[in-house]
Amino acid sequence: MRKRLLAIIATVAMVVAMVPSMVFGDTYTNWDKNTSLPTNTGNYKLTTDVNVSSMTNIAAGKTVTLDLNGHTVKFSGSAYCLVNGKLIIEDSSASKTGTIANDSTTSANCVITVNGECTLNGGKILHSRPNSGNAVYVAKSGSIFTMNDGVVESKTGNYQGERGAISAQSGSTVVINGGKIIATTEETTEYGVRKGAAIECYGTVIITGGTIEASGIAFSFVMKGLTIDPAEGKDVNVTAGKRIVDLQAGQPDTVRIFGGNFDAPDFIDNDYGEDDDVAVLGGKFTNGNDTLDVSEVLWPEFSQDEEGNVCQVGRMVDFILLPVGAKSGDAFSDEDWYQTISMEADEDTLQDILKALMEDDDNPLEMPSNEGYKLTWSLGDWEYDDENDTYTFVGYADNGEVDLSDKVPFEDYDNYTLFAKWEKVETPAAPSAPTDAVDTGDDSNMAVPFAIAGLVLAAMAAVVATRRRTN
């Protein structure tokens, strides 16, 4: 379910980003001004390099498609591009050398700040300021940066340590479907050795394809959500000089990795704690020619082999006891939830799992009973309210009823969750005595009446014969 949902989110983001190009077709206006960029809605193709010394503002409600066409846009001084509307960046040149950059003397903290929507379909965004900032700064809640191809590169860090080539601030979203992200900083300062980070993950970051290369940390300041889930036919390749994931201290952090290739000396920093929700559910993890151990963030039904590959070896099975008359919206607690692992999925039956839970030494499942009702089990769904720490029953699945002789299917990452479902048992009415004779169609029931009638007839015949003889 999670994998399908994430694939849908990434696909929708990519399609929406392409809509303006489809609306305008292949008609582009040549842009030959060398000191400014277009800001009115339309498709534009650069025919010259552009040097910009003041802020470029794409206002809310404006949609600009910019084809770099192999040319360079350079911001100087305090100049940068502010996207309050929509900006789509492309590069139709054969050389694929189109670039939007700032120089090393800039005072701007970024090349592009996104308050609306920005999509990179080609070309490079390069941040060169030596002591601060990001190439792409996704600033506001609700803003989104989508990368389908091209390059985002940062040659910088700052005094606090590792900063990202892309920064997703709280409430914002970054979707990476392809391309390459590079963070190359590695310099010694009064604060120690400063190395680059690829993506700052204060907001939500979803990666379905592409390459990430960081001299320091691949994903820093992870907070609300980092999900790496390679789409069908795509690879995610991540290398880092220091570690893969750096969490935000004191915050409940969420990380899900479903696949990809990862190479680094370390996986996660020391800020990882019991409040953090970090799980590796697939992928290959190495440190050069050695295996990078990620066992501390594996779910119990997953394992890592000697080559560093993480794979599923079992499936978690849940039985949730609901009361008679349970309906959508009802709450339930941990005390109603019994969980175990089927390490022989496709072989274990649900009856096997139930038996194991009933014999559990720590928390045995006691099968409930309700007079007049029969206990059955059905697939269903639930929701968790993080703010109130409560579970809510969503409802039973259509045609979700199961037989306890069914085997546990070994098919995906989601738990196999069954909910108690009570069916009312109809008590049959007691039979009443018949008031009239009923023909049952069974001739054997007529034997006695026929025999009696025969005797009566025989007696009558005897009487008649006697009379005849006496007369």
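## A tour of salt bridges, sheets and a charged patch

Select Arg243 to begin: its relative accessible area is 15%, under the 20% limit, so Arg243 counts as buried. The model in the viewer is predicted.

**Around Arg243**

Asp266 is partly exposed, with a relative accessible area of 31%.

Next, select Arg256 and Asp277. Their side chains meet in a salt bridge at 3.0 Å, N to O. Here too distant parts of the chain are linked, with Arg256 in strand E28 (residues 254-257) and Asp277 in strand E30, 21 residues apart. Arg256 is buried at 13% relative accessible area, whereas Asp277 is partly exposed at 33%. Before moving on, show Arg243, Asp246 and Asp266 together: salt bridges with shared partners join these three into one network. The count of salt bridges in the model comes to seven.

**Strand E31 and its partners**

Select residues 283-287, which make up strand E31. Which strand runs parallel to E31? It is E29, joined to E31 by three bridges. To see this pairing at residue level, pick Asn261, whose bridge partner in E31 is Lys284.

Then colour residues 309-312, strand E34, which runs antiparallel to E31 and is joined to it by two bridges. Gly283 stands opposite Val310 of E34.

Finish this part with residues 290-291, strand E32. Two bridges join E32 to E31, and the strands run antiparallel. Asn287 has Asp290 in E32 as its bridge partner. E31 and E32 form a hairpin with two residues between the strands, and Gly288 in this hairpin takes a positive phi near 70 degrees.

**The six-stranded sheet**

Move on to the open sheet of six strands, and follow it in the order E36-E39-E38-E40-E35-E37; the pairing is mixed. At its edges are E36 and E37, each of which pairs on one side only.

Within this sheet, select strand E38 (residues 373-385) and strand E39 (residues 390-402). They run antiparallel and are joined by eight bridges. Show Glu383 and look across to E39, where Thr392 stands opposite.

**The negative patch**

For the last stop, select Asp334, Glu335, Asp386, Glu387 and Asp389, which form a negative surface patch. Is Asp334 buried or exposed? Its relative accessible area is 52%, over the 50% limit, so Asp334 counts as exposed.

How values were computed
Residues numbered from 1 in each chain as written. Predicted model: local features only at pLDDT ≥ 70, side-chain atom pairs only at ≥ 80, totals over all residues. Heavy atoms only, no water. Patch = residues over 30% accessible without salt bridge, like charges linked within 9 Å, V, L, I, M, F, W, Y side chains within 5 Å. Areas by Shrake-Rupley, 256 points an atom, 1.4 Å probe, with all protein chains shown as cover. Salt bridge = Lys/Arg side-chain N within 4 Å of Asp/Glu carboxyl O. Lys, Arg positive; Asp, Glu negative; His and termini not counted. Charge placed at Lys NZ, Arg CZ, Asp CG, Glu CD. Buried < 20%, exposed > 50% of the residue type's maximum accessible area, 1.4 Å probe, protein only. Helix = DSSP H or I, 4+ residues; strand = E, 2+ residues; numbered from the N terminus. Pairing = 2+ DSSP bridges.
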